[in-house]
Protein chains: 2
Amino acid sequence: MNVISTKSKEDKVNTITEMCKLFQVSARTLRFYESKELLFPIRKGQHRLFTKSDRGRMKLIMQGKRFGFSLEEIRQLLNLYNFGDHRTRQIKQTYQLGLKRLCSMEQQRKELGIAIKDLKTQLQLCKDLLVKRGADSKDL
Amino acid sequence: MNVISTKSKEDKVNTITEMCKLFQVSARTLRFYESKELLFPIRKGQHRLFTKSDRGRMKLIMQGKRFGFSLEEIRQLLNLYNFGDHRTRQIKQTYQLGLKRLCSMEQQRKELGIAIKDLKTQLQLCKDLLVKRGADSKDL
DNA sequence: GTTAAACTTAACGTAAACGTCAGAACATTT
DNA sequence: AAATGTTCTGACGTTTACGTTAAGTTTAAC
C-alpha cells in the first residue's frame, strides 16, 4: 500500500514469537534479556516489537554465550554497538572495556588452537589403540 | 635419602591446598569435581592426594571451562585422555564424541575469528567518534 | 459478539557450579 | 599433652539463566 516503502528490511519489526523462531530461543528468554537490559523492544500498547537493533544485539548475545561469556559481560560490551546515544564519558569506558575484551578473545583463540591440536593428537592415539585392539577401521 | 629417586616430578602428589594454589581454585571446587567424577585423587587415610593424572585433568577442565563447556561435557571428553583402563566399546564411544567435539571447537574458532574482526571494526568506529567529539587521542 | 490465538505480568521452580558454615578427625608443633 | 593447623564430611545457601504454570489482557477470526 505504501508507495514509498522505506527500506522494509531495516525498519522491520518482529513479534516475540517471530524472534523466538529467528533465534531458536523461548519467549521467556527474550523477556528475561529485556529485564536484564540486553534488549530494548519498543511497545505497541502492551506488546513487544523487536527492531533491527534488537536483532543485532541478539546475534551478539548468542555469539557471546557460545564463547562462554556471562550475560552481564555481554551487556557491558553491547553498548559498544549502540554508542550513538551515550555520553562521551561512558563511551570511553565501554571503549576501554572493548579493548580488554578483544585481548582476552584473542588469547582464547590462541588457546583454542592449542586445545584443538592436543585433541587431534589424543584422538590419533585413541584411534591407534582401537586399531591395535582389532577394531574394524571402517567403524571409525 | 632415596638414591634411586624415580622421576620425582611424575610421581609427585599434591595435598588439596597445594592443588588450590596451583590452579587458583577453592578446596570446595576440587572436592566438587571429585564428586562429579572429573578428578580421582588417591587417599592417604582420609586425606586426598592429587596425582599427575589429576593435574592433567585439571588443566583440561580449566581449559574446557574457558571455552564455555559444561562440567558434564568436559567429563565425557576426559576419558579420552585416560583410555588405557576402559573397555573397547566405551573407548569407541568416547572417540566418536571426541570427533564431534573437535568439529564444534573448530567451528567455534572460526566464529571467534569473525567476532574478533567485528569487534575491531566496532572499536575503530567508536574511537573515530571519540576523536570527532574532541577527545584527547592519548587518552585512548 | 464471542471464541480462540497470541501476548502480558507475576510468581514460584530448577539445574549447574560452586560458597559457606558446622562439627569432628587427624597431624604437627611446642 | 595441649594448642594449632589441615583436612574431612555433611548440609544448607547463592548466583546465573532460564523453565513452568497461573491468571489476566488484547488482537484476530469467525
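**Group meeting: a predicted two-chain model**

Let me begin with one residue: B:Y95 is buried, its relative accessible area being 5%, where buried stands for under 20% relative accessible area, exposed for over 50% and partly exposed for what lies in between, with a 1.4 Å probe and protein chains only. B:Y95 sits in helix α6 of chain B, which covers residues 88–132, and its C-alpha atom is 33 Å from that of B:K21, a residue 74 positions away in sequence.

Residues are numbered from 1 along each chain as its sequence is written, chains are lettered from A and ligands numbered from 1 in the order in which they are written, and side-chain values use heavy atoms, with hydrogens and water left out.

Now to chain A as a whole. Along the principal axes, the C-alpha atoms of chain A fill a box of roughly 70 × 40 × 30 Å, and 36% of the 140 residues in chain A are buried.

Next, the interface. Contact here means heavy atoms within 4.5 Å, and by that criterion 44 residues of chain A touch 45 residues of chain B. About 4600 Å² is buried between chain A and chain B, with carbon and sulfur atoms giving 68% of that area; buried area is the accessible area, with a 1.4 Å probe, that two parts lose on being put together, summed over both. On the chain A side, A:R66, A:Y95 and A:R109 lose the most area to chain B, together 15% of what that side buries.

Which residues does A:R55 contact beyond its neighbours within four places in sequence? The list includes A:K9, A:E10, A:V13, A:N14, A:L22, A:F23 and A:F50. A:R55 lies in helix α4 of chain A, residues 52–66, and is buried at a relative accessible area of 16%.

Finally, some glutamates. A:E37 is not a glycine, yet its phi is positive, near 65°; this residue is placed in the loop between α3 (27–35) and β1 (42–44) of chain A, and counts as partly exposed at 48% relative accessibility. In chain B, B:E37 also has a positive phi, about 65°, without being a glycine, and its place is the loop between α3 (27–35) and β1 (42–44) of chain B. B:E72, in helix α5 (residues 71–78) of chain B, is partly exposed with a relative accessible area of 38%, and its C-alpha atom is 8.2 Å from that of B:K36, 36 residues apart along the chain.

Conventions
Predicted model: local features only at pLDDT ≥ 70, side-chain atom pairs only at ≥ 80, totals over all residues. Helix = DSSP H or I, 4+ residues; strand = E, 2+ residues; numbered from the N terminus.
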